[in-house]
Amino acid sequence: MQRTGRRRGAGSPLVGVISDTHGLLRPEAVAALAGVDTIVHAGGSAEILDALRRIAPVIAVRGNNDRDAWAAALPEIARLEIGATRIWVVHDLKELAEDPASAGVGVVISGHSHRPRVERRAGLLLLNPGSAGPRRFSLPVAVARLHLAPAGPRAEIVELAVAGPGRGSRPTRRRGLDGARGTGAVSARGGPR
């Protein structure tokens with residue numbers, strides 16, 4: 001089990017959680033992750049991970065679209081401990097063969113569905129930050145912040161105010177990816193997007 005420390009002097013660890021970037025790291029996501037102690041990425045590209053490492057140490061797992069040679073070094077499931085909280089990270093929640101609660105896990109982080117979700121189930125916190133990359137259908141573009149306090153973990157979804165449908169109101173129903181890109185976003189191909 002991997003252990004990570006805190007960078008901030010006082011207080012409880014704060015974890016930034018991001019997933020399904022699909023080669024796009026928006027400046028709004030970077031701003032939402034500023035000040036976290038650790039970043040967990042539940043599926044993304046090498047360039048995105050390098051950019052996130054400039055914010056905080058990164059724990060990453062391989063997503064279903066992470067197929068290039070760089071992704072071979074990423075685990076399918078990461079088991080870590082931050083502070084006193086055991087956390088498992090997996091891209092697709094359906095890939096977990098073990099019962100996290102019986103293993104003493106407090107938080108399971110996943111991605112894949114692009115649907116942000118915070119759910120408590122039998123003492124276990126399930127967290128999906130949603131997609132921070134290109135908008136999928138009418139789903140919000142989001143990341144999450146995981147607070148690991150002595151009283152127990154709690155998570156919040158941070159919906160990103162991005163250009164295109166959905167800014168300031170619910171997006172209209174669309175098919176596929178809208179490809180919305182903010183100024184200064186990082187793409188997997190390098191350079192701004």
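What share of the 193 residues in the chain is buried? Buried residues make up 49% of them, where buried means under 20% relative accessible area, exposed over 50%, and partly exposed in between (1.4 Å probe, protein chains only).

## Basis of the values

This is a predicted model, in which local features need pLDDT of at least 70 and side-chain atom pairs count only at pLDDT 80 or more, while totals for chains, interfaces and linings use all residues. Residues are numbered from 1 along each chain as its sequence is written, and side-chain values use heavy atoms, with hydrogens and water left out.

## Overall make-up

The chain has two helices and 13 strands. These are DSSP runs numbered from the N terminus: helices are H or I with at least four residues, strands are E with at least two.

The accessible surface is about 9,200 Å², and carbon and sulfur atoms account for 49% of it. Such areas come from the Shrake-Rupley method with a 1.4 Å probe; for residues, only the protein chains shown count as cover. Of the contacts between residues at least 6 apart in sequence, 49% join residues at least 24 apart, a contact being heavy atoms within 4.5 Å.

## The five-stranded sheet

An open sheet of five strands runs in the order β5-β4-β2-β11-β12, with mixed pairing. β5 (58–60) and β12 (152–159) are at the edges with a single partner strand each, so one side of each has no neighbour in the sheet. From one strand to the next the twist averages 20 degrees; axes are lines fitted to C-alpha atoms, for helices over the stretch in contact, and angles run from 0 to 180 degrees between N-to-C directions.

Within this order, β2 (residues 14–18) and β4 (residues 38–41) pair in the parallel sense over four bridges. Two strands pair if DSSP finds at least two bridges between them. I18 has H41 in β4 as its bridge partner.

## Positive phi in two loops

H114 is in the loop between β8 (107–109) and β9 (117–121). Its phi is near 70 degrees, a positive value in a residue other than glycine. H114 is buried, at a relative accessible area of 8%.

F137 is in the loop between β10 (124–128) and β11 (142–149). Its phi is also positive, about 55 degrees, although F137 is not a glycine. F137 is partly exposed, at a relative accessible area of 35%.

## A charge over a ring

R79 lies over the face of W88, 4.7 Å from the ring centre. The criterion is NZ of Lys or CZ of Arg within 6 Å of the ring centre and within 35 degrees of the ring normal.
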